[in-house]
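Here's a short tour of one protein model, starting with a single residue and then zooming out. Have the 3D view open while you read.

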Amino acid sequence: MVKEIWSTDPNGEVWARDESKFGKKMLEKMGWTDGKGLGADESGETTHVKVNKRAVKLGLGADSNTPDKWTEHISEFDDILSKLNTTKSKSAPNSALTVHSTV
């Protein structure tokens, strides 16, 4: 069973309308006014960041439709390591440096 926390304000509208926020006060002290964009030419975001519900046990930015690709190149990596070990052992058999595969 997976616990899910649902907010009564999932997009932070109550938070966005809160006039007592520290960050907003600091921006206003630096010359920013409500409705202007951020940045030197005021072309940045004018609204707060919206949130998306992410799938359980997925990291930030992960897409549940994308297959796991992090193990895709392990065999190629092992081949390179074995070639390096073979080349190194032939050229300098008494060498102190040896590359080992840890996969």
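Find Gly44 in the loop between helix 2 and helix 3. This is a predicted model, so keep in mind that everything here describes a prediction. How exposed is Gly44? It counts as partly exposed, because its relative accessible area is 29%, and that value falls between the 20% and 50% cut-offs. Leaving out residues up to four places away in sequence, Gly44 touches Gly37 and Leu38.

Glu42 sits in that loop too, between helix 2 and helix 3 (74-91). What is its phi angle? Glu42 has a positive phi of about 55 degrees, even though it isn't a glycine. Like Gly44, this residue is partly exposed: Glu42 has a relative accessible area of 42%, while Gly44 has 29%.

Is Lys24 buried or exposed? It counts as buried, because its relative accessibility is 9% and the cut-off for buried is under 20%. Which residues does Lys24 touch, once you skip those up to four places away in sequence? They are Asp18, Glu19, Trp32 and Asp34.

| Residue | Relative accessible area | Class |
|---|---|---|
| Lys24 | 9% | buried |
| Gly44 | 29% | partly exposed |
| Glu42 | 42% | partly exposed |

The largest pocket in the model has a volume of about 400 Å³. It is lined by 16 residues, and those closest to its centre are Trp15, Trp32, Thr46, Thr47 and His48. Trp32 has come up already, as one of the residues that Lys24 touches.

Let's zoom out to the whole chain. How many helices and strands does it have? There are three helices and zero strands, so reading from the N terminus the elements run α-α-α. Of the 103 residues in the chain, 7% are buried, and Lys24 is among the buried ones. The chain exposes about 9,500 Å², with carbon and sulfur atoms supplying 57% of that. Now take the contacts with a separation of 6 or more: 33% of them involve residues 24 or more positions apart.

Finally, how confident is the predictor? The mean pLDDT of the chain is 75, and 66% of the residues reach 70 or more.

Terms used: Residues numbered from 1 in each chain as written. Predicted model: local features only at pLDDT ≥ 70, side-chain atom pairs only at ≥ 80, totals over all residues. Heavy atoms only, no water. Helix = DSSP H or I, 4+ residues; strand = E, 2+ residues; numbered from the N terminus. Buried < 20%, exposed > 50% of the residue type's maximum accessible area, 1.4 Å probe, protein only. Contact = heavy atoms within 4.5 Å. Areas by Shrake-Rupley, 256 points an atom, 1.4 Å probe, with all protein chains shown as cover. 1 Å grid on protein atoms, 1.4 Å probe; cavity = no way out; pocket = protein on both sides within 12 Å on 5 of 7 lines; lining within 4 Å. Points joined across faces, edges and corners; volume = space filled by probe spheres on them. pLDDT = per-residue confidence, 0-100.
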